[in-house]
Amino acid sequence: MTQPFRPRRSALYLPASNPKALAKARTLPADVVILDLEDAVAPESKAEARAMAVAAVAEGGFGQRELVVRANGLDTEWGADDLATAAVAGPDAVLVPKVSSPAEVRAYDAELASAPAHTRLWIMIETCACLPVLHDLAACAGDTRLAGFVLGTNDFAKEMRARPGLARTPFLPILTMAVAAARAHGLVVLDGVCNEFRDLDRFAAEAAQGLEFGFDGKTLIHPDQIAPCNAVFSPDAAEIAWAEAVEASFALPENAGKGAIKVDGKMVELLHLDQARRVLAVAAAISGGT
Ligand code: COA
Ligand code: MG
């Protein structure tokens, strides 16, 4: 993993068929922009949305933002064309829906064979069938373009017939298992959306829950959700101060060769030094970004 850290605190979906949203996304402080061809686009607008997404990727103007195209599934009449077109356009990633088996990951990977090397494959984690094979899905990262999991909590609610409330209780085991599988294989992992985009208190609580579970960031549906999301997923001053103190303490001559030391009255081990270094890398990447 020699790649520099890239912040993915906030990932904003927008319907690729919406020119106003496409223009606005180039000015918004989201770390990731997802041009959607799937659920946000009505069947009669699919071809137009595909053409608009490709034109937006070619035109650029998204600065540091990571650009992702979400394709329709290969089991739909639009999927193959979406993937072929996205492969030519070469965004940072192509996100594909409703993946339930390693064979499907490989099928999507094959469709992207001619895409540039920088174009990664991200998959939606949103079907009941994928839950027993999360690790097998993530392990495909070893020999495919797979590099990310994105939770699709609306589809989980639909398939499970779940009625998640504020605490998202029915999803908690899924969040844990998805993050763990992603971490075991070095994938990016993003939390699902909060549909109540006018209720920013609810949004902030849900984003904080995602941080608690270990997600890199959260997917969003509205510009108003970006600032609170970036705030939640950025290390705060206390966390940065702790990380600096841990790094400085391990660097003291009297601590050379020690595995466990005391910082601010608490035990820290070498594993905390790794965590501290990550916090500092995240903070540096964020302050040097958009
Ligand atoms: N990306 C970029 N810009 C967006 C946006 C988005 N996801 N959602 C809204 N905007 C823009 C609007 O165009 C509007 O721009 P303006 O100020 O220049 O007029 C502004 O932000 C305010 O929008 P608002 O009036 O509050 O919302 P709306 O009623 O126009 O749209 C939604 C509400 C939910 C339909 C819209 O936010 C949306 O389409 N979200 C994305 C849905 C999606 O992609 N779903 C798939 C994944 S779950
Ligand atoms: Mg979905």
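Which backbone oxygen does the side chain of Gln225 reach? It is that of Cys194, at 3.0 Å, a polar contact in the sense of a pair of N or O atoms within 3.5 Å (within protein, one must be able to donate a hydrogen and the other to accept it, and residues adjacent in sequence count only if both atoms are side-chain atoms). Gln225 lies in the loop between β8 (217-220) and α9 (226-233); helices (H or I, at least four residues) and strands (E, at least two) are DSSP runs, numbered from the N terminus. Gln225 counts as buried because its relative accessibility is 0%, where buried means under 20% relative accessible area, exposed over 50%, and partly exposed in between (1.4 Å probe, protein chains only).

The model is a predicted one, so local features need pLDDT of at least 70 and side-chain atom pairs count only at pLDDT 80 or more, while totals for chains, interfaces and linings use all residues. Residues are numbered from 1 along each chain as its sequence is written, chains are lettered from A and ligands numbered from 1 in the order in which they are written, and side-chain values use heavy atoms, with hydrogens and water left out.

Now to the metal. Glu126 (OE) and Asp155 (OD) coordinate the magnesium ion (ligand 2) at 2.0 to 2.2 Å. This pair ties together distant parts of the chain, 29 residues apart: Glu126 is in the loop between β5 (120-125) and α5 (134-139), and Asp155 is in helix α6 (residues 153-160). Donors here are N, O and S atoms within 2.8 Å of the metal (3.2 Å for Na, K and Ca), and water is not among the atoms, so sites may look incomplete. Both Glu126 and Asp155 are buried.

Helix α6 also holds Phe156 and Asn154. Phe156 counts as buried because its relative accessibility is 0%, whereas Asn154 is partly exposed, with a relative accessible area of 40%. From Phe156 to Asp136, 20 residues apart along the chain, the C-alpha separation is 19 Å. For Asn154 and Leu121, 33 residues apart, the C-alpha atoms are 21 Å from each other.

What about ligand 1? Of the 15 residues around ligand 1, those that come nearest are Tyr13, Lys20, Arg198, Ile221 and His222, a residue being near if one of its heavy atoms lies within 4 Å. Arg198 places a polar side-chain atom 3.0 Å from an oxygen atom of ligand 1. In the case of Ile221, a backbone N or O atom lies 2.7 Å from a nitrogen atom of the ligand. The side chain of His222 has an N or O atom 2.7 Å from an oxygen atom of ligand 1. Taken alone, ligand 1 exposes 900 Å², and the protein buries 63% of that.

Finally, the backbone. Lys98, in the loop between β4 (93-96) and α4 (102-111), has a phi near 50°, a positive value in a residue other than glycine. Asp264, in the loop between β9 (260-263) and β10 (266-269), also has a positive phi, near 50°. Most residues other than glycine have a negative phi. Lys98 is partly exposed, with a relative accessible area of 32%, while Asp264 counts as exposed at 65% relative accessibility.

Notes. Areas by Shrake-Rupley, 256 points an atom, 1.4 Å probe, with all protein chains shown as cover.
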